Structures are given as C-alpha cells and as structure tokens.
Amino acid sequence: MFKLIVGRSVPAARLLAPRSGVLVEPVRGRKSRTDPVAKSKEDRIKVPPPVDPVEMVVLRERFSEYQLIMGALRLEFKEEMLRKKYEEETGCLAEERTRQEAEEHRSLMDWNHQENVRLLKLRIQRIQKEEEEMERKQAEAAISREQQQQEFIKAKEMEILQLQEESKNFITLENLDQRIEEALDNPKNYNFAVDKEGRVVKQTVLQ
C-alpha cells in the first residue's frame, strides 16, 4: 500500500525530477480480511496464556468479596435514600414513629435485661445443685471404696487365719517322727474304685 505525500516537507530536487505518475511513499499498514496469512505464521497455533490456579482461586475469592461489598454498599445507599425520601414526605409522622420505636426498643432492652438476670439466677442455682450432686456422688464413691477396702482386708485376714489354722497340721522337722508313727499306726487304703456318682464300689484289703 502507498500513501500520498501531503503536507510534508519534501526536497525540491525530488519534486522537480521528471517522473511519471504520482509521487508516493511506501508505508506499513493493516492487512485486510481477504489477505492471506503470512508464511512465517502459517504453522503457528494460538495457545492461550497459562493460568495460575492459585492466582485464579485468589482472584475469584476477591471478586466474590468485591461483589458482596459493592452489593452491601448499594443496599445501604439505597436504604439511606429511601429513608430520606420517606422522611421528607412524612415529616412529623416520621419523628413520632422514630420516637415510638426508640421507646419500644428501650422497653425491650429493659425486658431483656430482666430476663438475663432471671436466667442468671436459675443458672447459678442449677450449677450449685450440680456441684452438690457431684460432691454427694464423690462422697458415696469414697464410702464405697472404703467399704470394698475393708471387705478386702477382712477377706485377707480370714485367709491368713485359715492358713495359720492349716499350718498347725503341716509336717515340720519337729513333728516329723510323730507324723510317721501316726501314719504307720493308721494306714489308709487308696486303692478303690468309684461309680459315676462318686461312691466307692470296690476296695482292696490292706495286707
């Protein structure tokens, strides 16, 4: 493409030179839609730039926050404009309504305070009862453990007494000769048969 030289300073020798046609100067311009693709770009495949997933998550979160904030601001401004318009239209009625709302709010706050005090007293009573119940259970558990300990001690004492009583029949070096003589004087026969009920049905005679 060529562009006519208009309004530019051109040397006089070039203007006076014998030429045929219009004096033009080659310039670089945009291609038309019908021009073919350049040979250097025929095999090029346009690939979109890579997207960082972390950056995408951050951008989405920030965009969501931006939308929420802007929506809240719009609602706030809209409410303020509507309130001003309503006050301008109603006048003294708005002041009376505001005063009534303030009184109602004050009465509700007083009622809320009274309820908080009442619930606090109930909660303190409930906590005291729970503490007393816990102390009672702990005392009962301590008494039960003490009883179990006493029963355990008594059982061990009975075992000790029984062992002491049985130890009187133990064979020692002091009564070894006496026990041997008693065994010889009173022989026992363990050669016998028993039935299913444990009764002796047959026994041999000692020689």
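This is a short chat about a predicted model of one protein chain.

Colleague: What helices and strands does the protein chain have, and how many?
Modeller: The model is predicted. The protein chain has four helices and four strands.

Colleague: In which order do the elements run from the N terminus on?
Modeller: The order is β-α-β-α-α-α-β-β.

Colleague: What share of the residues is buried?
Modeller: Buried residues make up 1% of the 207 residues in the protein chain.

Colleague: And what about contacts between residues 24 or more positions apart?
Modeller: Take the contacts in the protein chain with a separation of 6 or more. Residues 24 or more positions apart account for 11% of those.

Colleague: How much accessible surface does the protein chain have?
Modeller: About 20900 Å². Carbon and sulfur atoms hold 57% of that accessible surface.

Colleague: Let's switch to charges. Why would two side chains pair up at all?
Modeller: Side chains of opposite charge can pair when their charged atoms come close.

Colleague: How many salt bridges are there?
Modeller: The count comes to ten salt bridges.

Colleague: Show me one. What does glutamate 103 pair with?
Modeller: Glutamate 103 forms a salt bridge with arginine 99, at 2.7 Å from N to O. Both residues lie in helix 3, which covers residues 92-167. They sit four residues apart, about one turn of the helix.

Colleague: What about aspartate 195, which residue does it bridge to?
Modeller: Arginine 199. The closest N and O atoms are 3.1 Å apart. Aspartate 195 is partly exposed, with a relative accessible area of 23%. Arginine 199 counts as exposed, because its relative accessibility is 53% and exposed means over 50%.

Colleague: Which residues are linked in a network of salt bridges?
Modeller: Glu133, Arg136 and Glu140.

Colleague: New topic, surface patches. Where does positive charge gather?
Modeller: Lys31, Lys41, Arg44 and Lys46 gather in a patch of positive charge on the surface.

Colleague: Where does lysine 31 lie?
Modeller: In the loop between strand 2 (24-26) and helix 2 (53-90). Lysine 31 is exposed, with a relative accessible area of 52%.

Colleague: Which residues make the nonpolar surface patch?
Modeller: Ile171, Leu173, Leu176, Ile180 and Leu184 make it. The patch is about 550 Å².

Colleague: Pick leucine 184. Where does it lie?
Modeller: Leucine 184 lies in helix 4, residues 176-185.

Colleague: Buried or exposed?
Modeller: Leucine 184 counts as exposed, because its relative accessibility is 68% and exposed means over 50%.

How values were computed:
Residues numbered from 1 in each chain as written. Predicted model: local features only at pLDDT ≥ 70, side-chain atom pairs only at ≥ 80, totals over all residues. Heavy atoms only, no water. Patch = residues over 30% accessible without salt bridge, like charges linked within 9 Å, V, L, I, M, F, W, Y side chains within 5 Å. Areas by Shrake-Rupley, 256 points an atom, 1.4 Å probe, with all protein chains shown as cover. Salt bridge = Lys/Arg side-chain N within 4 Å of Asp/Glu carboxyl O. Helix = DSSP H or I, 4+ residues; strand = E, 2+ residues; numbered from the N terminus. Buried < 20%, exposed > 50% of the residue type's maximum accessible area, 1.4 Å probe, protein only. Contact = heavy atoms within 4.5 Å. Lys, Arg positive; Asp, Glu negative; His and termini not counted. Charge placed at Lys NZ, Arg CZ, Asp CG, Glu CD.
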